[in-house]
Amino acid sequence: MKNYWLWGALSAGALAHAALLAPAPLLAQALAVMVIAGFLPGALLIEALIGQSKSAPDLLERIVYSTAAAFGVMVVVMLLLSYLPGGPTQIMTLLAFDAVTLALLAWVWLRGRRVEPGAPAWPPFTGDRRWLWAGMLALLLVGAFTRFEGLAYADFQGDEARAALRAAAVMQGYEDVLMLHKKGPTEILLPTVFYVITGHLTEQTARLPFAIANLAGLLGMFLLGWRLYRPLAGWIAAMFLALDGYFIGFANIVQYQSVVFLTSVLAVLVLYRLYVKPAAMANYLTLAAILLSTGILSHYEGVLAALPAAMLLGATALRYRHLWRRLLGATVIATATGAVMLGVFYAPYILHERFAATYTYLTARRIGGSPPYNNLKDVFLRTTLYSTTYQVLLLIGLTLLSALRVIRHNFSRNIGVVLSVVVALFFGVTLFWPEWLTVGGKDWIVIPFTLLFGLIVLLPRQRIENRVIWLWFGVVMILALFLTEKPRTHVYTFFMPWALIAGDELSLLWGALRDRIGARPAMAIGSAIAGALILFFGFYAYAYFLSQDEVLLDYFEKRPPGYWTVYDEPDNKARFGFPLNNGWKTIGELYRQGVLSGPYETSEKEAWVPAWYTRGVERCRRDAQWFFEIRNLEPWSNEDALAMEHYLRQGFEKWGVVQVNDRNKMIIYKRTGARHEFPTQLPNEGLPIFRNEEYAHSFDMHALADLPLTYPSVDPPVAFPLDVNLGDLITLEGYDIAYEKPLRPGDNIYLTLFWRAQQPIDKSYKVFNQSYFGDGQIVAQRDGYPVCEGRDTWRWDPGELVADPYIIPVREDAPDGLYPLYTGMYLEETFERLPILDENGVEIGTQVHLTDIRIGEE
C-alpha cells in the first residue's frame, strides 16, 4: 500500500473529528460525520476489496463505489449498536466507526503489500475529453442544484418525521423500534448516525445523506450507460433522472429510495464489469452482494436489482465456462456475505410479533389480493405531476422507437414493418385508452405488455446489454403497474432501466444525425437541443421542488405557464418531496417556553409531524385545548373541511397566526368555551403573529433526542400485562393507570389500554371505561373511539400494538369507596358489545375487570 492512503485517511479522520469539537454550524458537523462514519470507511472498504485487486476500478468508479459502501457501513454499524441495551452514545458510536476505519486501514495495508494491479477492465476513452468533462460538469451542476438547494426549507413530511422520531427511539434504547417499521431500517439508522454524534437533527442534516446518495446515483447511471452503450447514452440517461421529479423529490426527503437507486445501479454495473472482464471474481461479487444487501436493508424493492444482476451473472457463467469453479466459489463467498448482512436485521424482524402487521400492510394494502390491475392511468397522471408531461411523453416515444429498432433488426423487412405497425398502434391506443382490454370486468392489459417485453428480451439478434436492460425494465414495470394494487411513487424502480433505454435510443439518433451532416453541426444541434430541454424541464423542476412558492398549495395561481397537462387538477395522493413549511417549529418553541400547554388537535392528518415538532405533547381530539389549522399538500375534501368546522364550533376561537416568509401558514385556535357558527371564518386581523424565522434556530438547538415517545412511534412498555380475547378479533394486552392519591371526586384517572388486532377488522368499535358500584351507579366513565378518536379499529393491522389513552373524570358526587374499573368494546350503532372469550372460545362476559380504584382515604 502506498503511504498516501495511510496518511490521507488518518488526516481526513483527524480533521473531521476536529470539526466536531469546534463550534461549527450543524451542516459542517454533519459533513464531518459523513466523513467519519461514511466516506472514510467506505473508501477504505473499496480500496481493500477491489482497489488493490488485479482489476482495479478507475477513479470515477472508485468514487461511486466508495459512496455506496459508505451507506452500507453506516447502516450495519448503527444497526449493531442499536441492539445494545440502553441506546448508543456519542462516544460509543464514534469509537465503533473509528474501530471499523482502523480495521479497514490494516486490511488495506496488508493487501497492498502483496497484490499487483492488472490491466483495466474498460477500453480507454478515445473521444474528445473536453466534451466528456463538460458533460460531467453539467450533470454535476444540475444534479447538485436540484438535490441540495431545498434541503433546509421544508418541514419534515409524514414519513420523514416518523424516521426522526424512531431515530430518537434508537438513542433512547428502544431495542425493538426497528421491528415496528414496515420496511428496512436504513431511513431510521442514517439520521440516527448524525443525531447521536452531533446531538442535533435538523431537516437539512437528516436529508443530507439521502441527497448525497441520489447525486452519486446519477454518476452511477452515467457510468452504467457509458459501459453498457456509450458515454452519450449514459449522460442522457443520468440527465433524465437528474431532472425527474421522483428522484428530485426523493433526494429531498428522509426516505430510502435514494439509497436503493444508488445501490441498484452500481450492483448492475459490477456484474456487467465481471461479464466484460472476469478478474477478481470473489472481490467484485462480494461488492455486488454488499450493494444489493444495502439496498434490501433500505426496502424490499431493493431486491429488484438482483434480476438484471442475476442475468448478467448467468451470462458470465455461460461466457466463461472454463472458469466455473472460480465463479462458483466466488458466488458462495458473496452469497454468504449478503446473507450475513441481511440476516442481522431480517432474521429478528421476521420473527418479531409485529411482522404480522407488516405482512398484512404489504399484501393486503399495497400488493392487494386480486391481480392483475391496470395502474397505467393513475401512474401517468401522478408522473406528469412530478415531471412535465413533455418529459414523460419523450420517454414513452423513445421507448417505442427502441422497441421498433429491436423488432426491425430481428425480422425481415415485411414482417418487421407489420410488427412495427402493430406495436406502434398498441402504444398509441394504450396511451389514449388504457382500459381498452377490459373483459368481463377484469383488465388484461398486462398480457400484451408481457408478450411485447418477452419478445424483445428473447429475440436473438441483440447484445446482452440491451437484453438485460429490457428485462429489468419490463419485469419491474409489470410488477409495479399490473401486479401491485397501489404502486404510487414506487414506480421509480423501473425508471432506472427506462432512462437507460431512452438514453441509448437518443444517442443512436444523434449518431445517425452525425453520420448524415457531420460531427460539428451535429454537436451544435445536439448541444442546443440538450440545453433547451434542460432549461425547459429544469424550470418545471425548480418551480415545483425548489421554489419556496409552494406551488401545489395554490396550484391554479402559481403553476408555471407553458406546461401542458392532461388533467385539470393534479393527483392529490402520494405527494412526497414537494416543499411545504407550515411553521411547526414555532409551535414546538411556544410549547417549550410555556406559552402553549395541554393537549392539541390539528388538521395535519399524519401523527408523526406534530409529534416531532411538539416534542411529544399529547395529541387528543377529545381533550384538546388547542387546534392548529394548516394546509396539507394532499388537500382536504369538503367533508374534511366541514368536519373541522364542526369540531371548532365546540368552544374554539382564533388565538394566533404563524407566518413563514411573511405568509400566514398556520392558524392557532384556543378552546375558550366561546361558540361561533363558523370559527374558521373569523378575521385574522389583530391576532398575535409568530414569525417562524424567529423560532426555527432555537427549536433546532433544543430538539434533542430526549423527547417523550409513545404510540405510534414506539411500543410503550405495558405496565400491567393481560391477555384478554375480545371476540377472536382483538386482544387486550394490558393497561397502564395513574392518578393522584388519595383520589378525590372531580379528579382524573389516566388510563392507557393496549390492544392488538388478531385479524383484519371491518367494523369501528368504540371503547367504554366505567367504574361503578351496586346496581350500576357510575362513579367514573369515559367512552371514545381508540387513540383519542384518531385510529378506528378498521384501520388496525393484525399484530400492531395500539396504545389507547383516556382521561376518565371522577364524578363530583362520587362517594368514598373501592370500586372496580371495567373496559370493553361495543358498536355505537347497536350497543352490541364484543364478547370476552376464555381459552376455549367460550363467552365469559362482555367487559374486562382491569383493577379496583379507591376514592378517598383508605
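Contact here means heavy atoms within 4.5 Å. This is a predicted model, in which local features need pLDDT of at least 70 and side-chain atom pairs count only at pLDDT 80 or more, while totals for chains, interfaces and linings use all residues. Residues are numbered from 1 along each chain as its sequence is written, and side-chain values use heavy atoms, with hydrogens and water left out.

Figure 1. Ser-55 has a relative accessible area of 0%, so it counts as buried; buried means under 20% relative accessible area, exposed over 50% and partly exposed in between, with a 1.4 Å probe and protein chains only. Skipping residues up to four places away in sequence, Ser-55 touches Ile-50, Ala-119, Ala-121, Arg-273, Lys-277, Ala-279 and Tyr-284.

**Figure 2. The whole protein chain, for orientation.** There are 29 helices and 17 strands in the chain. Its radius of gyration is 30 Å, close to the 29 Å that the globule rule gives for 858 residues, so the chain is as compact as a globular protein of that length. That radius is taken over C-alpha atoms, and the rule is 2.2 Å times the number of residues to the power 0.38. Along the principal axes, the C-alpha atoms fill a box of roughly 95 × 65 × 65 Å. Buried residues make up 56% of the 858. Of the contacts with a separation of 6 or more, 77% join residues 24 or more positions apart.

**Figure 3. Strand S14 with its partners S11 and S17.** S14 (residues 817-826) is mostly covered, with nine of its ten residues buried. S11 (residues 766-773) pairs with S14 in the antiparallel sense over six bridges; two strands pair if DSSP finds at least two bridges between them. In that pairing, Phe-768 has Gly-824 of S14 as its bridge partner. S17 (residues 848-855) is also antiparallel to S14, over seven bridges. Here Tyr-822 stands opposite His-849 in S17.

**Figure 4. The second largest pocket and its lining.** About 1100 Å³ of space lies in this pocket. The search uses a 1 Å grid over the protein atoms alone: a cavity is a set of points where a 1.4 Å probe fits but cannot get out, a pocket is an open set with protein on both sides within 12 Å along at least five of seven lines, and lining residues have an atom within 4 Å of a point. Grid points are joined across faces, edges and corners, and a volume is the space filled by probe spheres set on the points. The lining has 37 residues, with Leu-232, Trp-235, Ile-236, Trp-510 and Gly-526 nearest the centre. H5 (129-148), H10 (231-242), H22 (495-517) and H23 (519-546) each supply at least two lining residues, and the largest share, ten residues, comes from H23. By class, the lining has 27 nonpolar, seven polar and three charged residues. Ala, Val, Leu, Ile, Met, Phe, Trp, Tyr, Cys and Pro count as nonpolar, Asp, Glu, Lys and Arg as charged, and the others, Gly among them, as polar.

**Figure 5. The largest cavity.** Searching the whole structure turns up three cavities of 30 Å³ or more. The largest cavity holds about 50 Å³ of space. Its lining is Gln-157, Gly-158, Asp-159, Glu-160, Ile-253, Gln-255, Phe-576 and Gly-577. Sorted by class, that gives two nonpolar, four polar and two charged residues.

Figure 6. Leaving out neighbours within four places in sequence, Asn-581 is in contact with Tyr-153, Asp-155, Glu-550, Val-660, Lys-665 and Asn-692.

**Figure 7. Helix H16 and the glycine just after it.** Within H16 (residues 355-367), Ala-357, Thr-358 and Thr-360 are buried. Their cover includes H15 (324-351). Just past H16, Gly-368 takes a positive phi of about 85°.

Notes: Helices (H or I, at least four residues) and strands (E, at least two) are DSSP runs, numbered from the N terminus.
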